[in-house]
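Have the structure open while you read.

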Amino acid sequence: MSLLSKGSPRPAKSSKPRLYTARFDPYSAGIRFLLNKKGVDYDFVYINMQDKPEWLADINPAGQIPIMEIGDEIVCETIVIYDYLEDKFPQVKTQPTDPYLKAKDKIFIDHTKEYLTGKITSMVKNPTQENIEYVCSVLKSINKIMGERGTDFLGGTSPNFVDYYLWGWVELLSALKAAHELSFELDKDEYKHYWAWVMKMDKDQHINNDRETHKLNLKCRTAFFKSVINGSPDVNAGL
Amino acid sequence: MAKVIQLQKGDSKPSSTKDLKLYGMRFDPYSMALRLIMRRKGLDFDFYSIKMSDRPDFLQQLNPNGQIPVLEHGDTVVYETIIIYEYLEDTFTDKPLRSSDPATRAMDRIFLHEIYTNLPPVIRAMMEGIEAKRLLDQLLRVENRLQKQGSPYFGGNEPNYIDFMVWSWLELIPALKRAFTLTFELPRGSFSNTWAWIGRMDKEPVINAERKASRVNAEIRSRFFKSVADGSPDYMVGL
């Protein structure tokens, strides 16, 4: 598996859609689940985000991943990529076709981005009681929304882009708990809808294919977080 | 002469015969952009200007964040500017204001994302003085993009939603200059594409219709900004 760092040449164009990603990056993970679900045959390269290749800034001035490259088309920003893939590969739908339901999903993602992802990120280095309580309270609102929707997944009978976006983030929580030896638990009754969703997502074939492709499990995720906490991130943890 | 209706604390949600209601604020660039877009799409709507310093209680029920703009379409409530725009575009498919090509659409979204992340803070900061370099750096994004496209508008030969969303922010600059006697000139030579675009947009029928309906011009806007700086925003200035 090639890991591209500073000094690595930019890889030659692929005949397939290509994702510039990192194994442990939650934003990319959501896109990868979605590509699997859409049945897109894609290839990927790993970017070493601790030591980025120089040309990364040429393809995305913000220097961020994920980046999707299809032929001469390069698209960055997670949400923009979701929309782009939906436009580009419309056969398997991963967003509602009803404008209102789509707007609701977009607002859900906006709120997740605003209230959840930053807090989970800061838990990596600062697992303070305050941060943990905040994350739990956001998950409680999510539990409520799931209860109101009353479906197996936020997307209905099967996961859609919102489920995959959210999963990329909440999947980190158990590894963060293990890495920091935290003892908080989300109550099975209080977070009933959330737990039911977690159980189903955990069995989703597209998520499991991704785990296989990128050799991801709780153990290597935990090892990765430990390495981040120690100040020398090991992006190859568990390989 | 159209009447501007302001809603404040104590006011109940207005009853309207129209299916589309936009809650915003006369001088708010986000709701301004949506008004321009709705006009351009030929939609019939009621606009309500919210007194943001003393908001009506029902606003919180429509949008838990208490922010504007909020769109009500029949029983459907949508908020967040870009999400409202996409909802309108998905629902009212006549006169589309975005590209039908997935890649162009993605590029437009990325461009707007960059502009909306970086430009508003710089323009807001003009209330405290001018940082010409910071402002020019941001306006350079506009210039470069117009130059690269080589078309009269971001939308090609006609303005699209990007044109209106960018315009509603750039239009604030002359008013801010006037309100706080700032000396800033966008260089004619190195920003020739931007200047040409400004000239075209300034003549756009929907922009002029909106100026009339909201009774907003550079002079009135500058008085509004002054009142904001004085700590008592006068949302009805010039009426």
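**Notes on the model**

1. Let's start with chain B: between its domain 1 and domain 2, the count is 3 salt bridges. Bear in mind that this is a predicted model.

2. As for where the pieces lie, domain 1 of chain B covers 4–96 and domain 2 covers 102–206. Taken over C-alpha atoms, the centres of these two domains of chain B are 24 Å apart.

3. How many residues of domain 1 of chain B are in contact with domain 2 of chain B? The number is 12, and they meet 16 residues of domain 2. Together the two domains of chain B bury about 1,300 Å², and carbon and sulfur atoms give 72% of that area. On the domain 1 side, B:Y30, B:L36 and B:R40 lose the most area to domain 2 of chain B, together 42% of what that side buries.

4. Over in chain A, have a look at helix α1 (residues 26–38) and helix α8 (residues 205–213), which pack at an angle of about 115 degrees with their axes 8 Å apart. The crossing of α1(A) past α8(A) is right-handed.

5. Which residues make that helix contact? From α1(A) come A:R32, A:F33, A:N36 and A:K37, and α8(A) supplies A:H206, A:I207, A:N209 and A:D210. Sorted by class, the contact of α1(A) with α8(A) has 2 nonpolar, 3 polar and 3 charged residues.

Conventions
Residues numbered from 1 in each chain as written. Chains lettered and ligands numbered in written order. Predicted model: local features only at pLDDT ≥ 70, side-chain atom pairs only at ≥ 80, totals over all residues. Heavy atoms only, no water. Axes fitted to C-alpha atoms, helices over the stretch in contact; angles between N-to-C directions. Helix = DSSP H or I, 4+ residues; strand = E, 2+ residues; numbered from the N terminus. Left-handed = near helix turned anticlockwise from the far one by under 90°. Contact = heavy atoms within 4.5 Å. Nonpolar A, V, L, I, M, F, W, Y, C, P; charged D, E, K, R; others polar. Domains from an automatic or database assignment. Buried area = accessible area lost by both parts, 1.4 Å probe. Salt bridge = Lys/Arg side-chain N within 4 Å of Asp/Glu carboxyl O.
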